[in-house]
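This briefing summarises the secondary-structure architecture and selected local features of the structure shown below.

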Amino acid sequence: MTDLNHRFTLAARPVGMPKRSDWNYAALPVPDPADGELLIKILYLSLDPAMRGWMNEGKSYVPAIKIGEIMRALALGRVLKSKNPAFAGGDYVYGALGVQEFAVSDGKGLNKVDPKLAPLPVYLSTLGMPGMTAYFGLLEVGKAKAGDTVVVSGAAGAVGMAVGQIAKIKGCRVVGIAGGEKKCQYVVKELGFDSAIDYKSEDVRKSLRTHCPNGIDVYFDNVGGDILEAALANLARGARIVICGAISQYCSTEPVKGPSNYLSLLVNRASMTGMVVFDYADRYAVAGREMGGWMAAGKLKSREHIVEGLETFPDALLHLFKGENTGKLILKVAGDR
């Protein structure tokens with residue numbers, strides 16, 4: 001094992017799109033775990049749009065990363081040494097371990113995973129936070145039911161692709177919004193969506209009227225901005241809007257663009273609710289078992305977009321904000337052995 005732990009710490013609050021100079025990349029000796037702790041070799045890092053928000057100061061659902069702190073990230077790794085009776089050497093675990101090669105943890109917030117049941121990256125994808133977000137956002141917040149017309153933005157992303165597939169499993173009609181013909185074909189031909197709208201080449205508002213002639217019953221929003229405006233203009237009575245994210249706004253240097261036609265909620269007796277997946281942590285295992293069953297039956301597919309090398313982190317993260325990934329964006333840090 002190397003004696004050094006390469007890691008990224010936050011150097012500055014980004015303005016607009018993050019750049020490499022917003023982080024410091026350095027190495028420190030790999031620490032030994034103290035009593036009650038374990039040392040983890042990180043194999044994969046989850047790259048998520050929320051990471052951009054964690055870098056900002058201000059009130060949010062989690063504290064902002066402080067200048068000089070390790071960049072926060074969900075990660076999956078293998079236990080190398082353990083002085084914690086709940087974990088053994090060789091266990092595979094995931095949790096908020098940060099953008100680094102090795103992490104020491106007291107075990108709180110860590111979950112064990114079984115590589116025999118699914119490939120390791122899937123635990124950061126459909127069987128991880130994106131899948132949990134899709135499951136609880138669609139079924140608990142969106143209250144999707146058979147016969148509903150469900151529209152999801154960011155449909156070819158990690159959350160969006162799971163939302164659409166779960167909606168189909170539950171008997172809904174699903175329309176995805178994605179960027180580019182290739183992504184639109186993927187969600188329809190590979191994932192089974194009923195149709196897709198290419199926001200890069202179509203008028204989304206007009207296309208929604210065509211694809212949803214009776215209006216939208218559930219809109220699952222990962223994008224915000226103009227796409228949210230278009231969805232609000234095409235609601236069915238009693239519609240439920242799930243605000244999961246607003247990736248179009250995260251790197252903007254202008255004030256956040258909110259919906260100007262929010263009175264559509266009043267006219268259509270609709271609701272718009274924000275959701276944070278951590279609120280459902282006590283039920284992850286239940287959702288994981290159900291989604292694992294769907295995957296085993298071939299009803300739920302997972303796709304990962306893997307980039308290699310810890311040192312590529314600043315550039316790899318930007319794939320999210322440039323729409324360059326299909327499926328869950330993951331950074332491979334090291335091989336398993």
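The buried residues of helix 2 are Met 129, Pro 130, Gly 131, Met 132, Thr 133, Ala 134, Tyr 135, Phe 136, Gly 137, Leu 138, Leu 139 and Val 141, where buried means under 20% relative accessible area, exposed means over 50%, and partly exposed lies in between (1.4 Å probe, protein chains only). Helices (H or I, at least four residues) and strands (E, at least two) are DSSP runs, numbered from the N terminus. The model is predicted, so local features need pLDDT of at least 70 and side-chain atom pairs count only at pLDDT 80 or more, while totals for chains, interfaces and linings use all residues. Residues are numbered from 1 along each chain as its sequence is written, and side-chain values use heavy atoms, with hydrogens and water left out.

**Helices 2 and 3**

- Helix 2 is mostly covered, with twelve of its 13 residues buried.
- Helix 3 (residues 158–169) is largely enclosed by the rest of the structure, because ten of its twelve residues are buried.
- The buried positions of helix 3 are Ala 158, Val 159, Gly 160, Met 161, Ala 162, Val 163, Gly 164, Gln 165, Ile 166 and Ala 167.
- From its first C-alpha to its last, helix 3 reaches 17 Å, close to the 16 Å expected for its twelve residues at 1.5 Å a residue; the expected span is 1.5 Å times one less than the number of residues.
- The axes of helix 2 and helix 3 come within 8 Å and cross at roughly 45 degrees, which makes helix 2 oblique to helix 3.
- Axes are lines fitted to C-alpha atoms, for helices over the stretch in contact, and angles run from 0 to 180 degrees between N-to-C directions.
- Angles under 35 degrees count as roughly parallel, over 145 as roughly antiparallel, 65 to 115 as roughly perpendicular, and the rest as oblique.
- Helix 2 passes helix 3 in a right-handed crossing; a crossing is right-handed if the near helix is turned clockwise from the far one by less than a right angle, and left-handed if anticlockwise.

**Helices 5 and 6**

- Helix 5 (residues 204–211) and helix 6 have axes that come within 9 Å and cross at roughly 40 degrees, so helix 5 is oblique to helix 6.
- The crossing of helix 5 past helix 6 is right-handed.

- Six strands form an open sheet in the order 10-9-8-11-12-13, with parallel pairing; two strands pair if DSSP finds at least two bridges between them.
- Strand 10 (195–198) and strand 13 are the edge strands, each pairing on one side only.
- From one strand to the next, the twist averages 15 degrees.
- Strand 8 and strand 9 (residues 173–178) pair in the parallel sense over five bridges, and Val 152 has Gly 176 in strand 9 as its bridge partner.
- Strand 11 (residues 216–221) runs parallel to strand 12 (residues 235–243), and five bridges join them.
- Between strand 11 and strand 12 the chain passes through helix 6 (residues 225–232), and this β-α-β crossover is right-handed: with the strands pointing away from the viewer, the path from the first strand over the helix to the second runs clockwise.
- The bridge partner of Tyr 219 is Ile 241 in strand 12.
- Four bridges link strand 12 with strand 13 (residues 271–274) in the parallel sense, and Arg 240 has Ser 271 in strand 13 as its bridge partner.

**Positive phi values and loop positions**

- Lys 143 has a positive phi of about 50 degrees although it is not a glycine.
- Lys 143 is found in the loop between helix 2 (129–141) and strand 8 (149–153), and is exposed, with a relative accessible area of 54%.
- Arg 269, another residue other than glycine, has a positive phi near 50 degrees.
- Arg 269 lies in the loop between helix 7 (263–267) and strand 13, and counts as exposed at 53% relative accessibility.
- Just after helix 3, Gly 171 takes a positive phi of about 90 degrees.
- Asp 32 is placed in the loop between strand 2 (23–29) and strand 3 (38–46), and is exposed at 57% relative accessible area.
- Asp 32 and Ala 103 are 71 residues apart in sequence, with 9.8 Å between their C-alpha atoms in space.
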